[in-house]
Each structure stands twice: as C-alpha cells, then as structure tokens.
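Please read the points below alongside the sequence and the model.

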Amino acid sequence: MFKRLVIIVALFAAASLVSLTGCEKALFKPQETRTQYDRYQILRGRQRSMSRINEFGGDEPALSERLRPLETP
C-alpha cells in the first residue's frame, strides 16, 4: 500500500514538473517574415503592421488590417 502511494506521488510530481517547464523561446521571431505574402509586401514597401494600440493603450494583433486583400492600399 505504501509503495503504491509513493509511486503515485512520484508520478504526479514528475508530471507536474514536466508541465511547468514549457517552451523556452517563441516559434516565430517578430522580425522574421511568416509567409511568402509577408515577404512580397515587404519587398514592395507595403508591409502591414503586426499589431496596433487599442483604446486602453495595450498592444493587440491588427487582424483587420492584415486580413485585408493585397490589392487595397
């Protein structure tokens, strides 16, 4: 009984330790292009900002600007 309890506690401790470590660095760096369309826009001087300042002064993704068709300025 005691041996089973020790094993369960050890497994729980190991699982919680693994879940707390997580990823160390971001998948995409902010200065890197993510798609060929981003590269196309940058080469032609029409890049769109990745984020905008909201009404509370915080930073948020500029989705409406980035999802606009490429032909519109």
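Leaving aside its neighbours within four places in sequence, with which residues is Met 50 in contact?

1. Contacts of Met 50. Beyond those neighbours within four places, Met 50 is in contact with Arg 34, Glu 60, Pro 61, Ala 62 and Arg 66, where contact means heavy atoms within 4.5 Å.

2. Basis of the model. The model is predicted: local features need pLDDT of at least 70 and side-chain atom pairs pLDDT 80 or more, whereas totals for chains, interfaces and linings use all residues. Residues are numbered from 1 along each chain as its sequence is written, and side-chain values use heavy atoms, with hydrogens and water left out.

3. Setting of Met 50. Met 50 sits in the loop between helix 2 and strand 1 (51-53). Met 50 has a relative accessible area of 34% and is therefore partly exposed (buried means under 20%, exposed over 50%, partly exposed in between, with a 1.4 Å probe and protein chains only).

4. Elements. Three helices and two strands make up the elements of the chain, in the order α-α-β-β-α from the N terminus. Helices (H or I, at least four residues) and strands (E, at least two) are DSSP runs, numbered from the N terminus.

5. Overall form. The radius of gyration of the chain is 23 Å, whereas a compact globule of 73 residues would be near 11 Å; the radius is taken over C-alpha atoms, and the globule rule is 2.2 Å times the number of residues to the power 0.38. Along the principal axes, the C-alpha atoms fill a box of roughly 70 × 30 × 20 Å. Of the 73 residues, 5% count as buried. Among contacts between residues at least 6 apart in sequence, 12% join residues at least 24 apart.

6. The largest pocket. This pocket holds about 390 Å³ of space. Its lining has 18 residues, and the closest to its centre are Thr 35, Asp 38, Arg 48, Met 50 and Arg 66. A pocket is an open set of points on a 1 Å grid over the protein atoms alone, where a 1.4 Å probe fits, with protein on both sides within 12 Å along at least five of seven lines; lining residues have an atom within 4 Å of a point. The volume is the space filled by probe spheres set on the points, which are joined across faces, edges and corners.

7. Source of the lining. Helix 2 (36-43) and helix 3 (63-66) each supply at least two lining residues of the largest pocket. The largest share, four residues, comes from helix 2.
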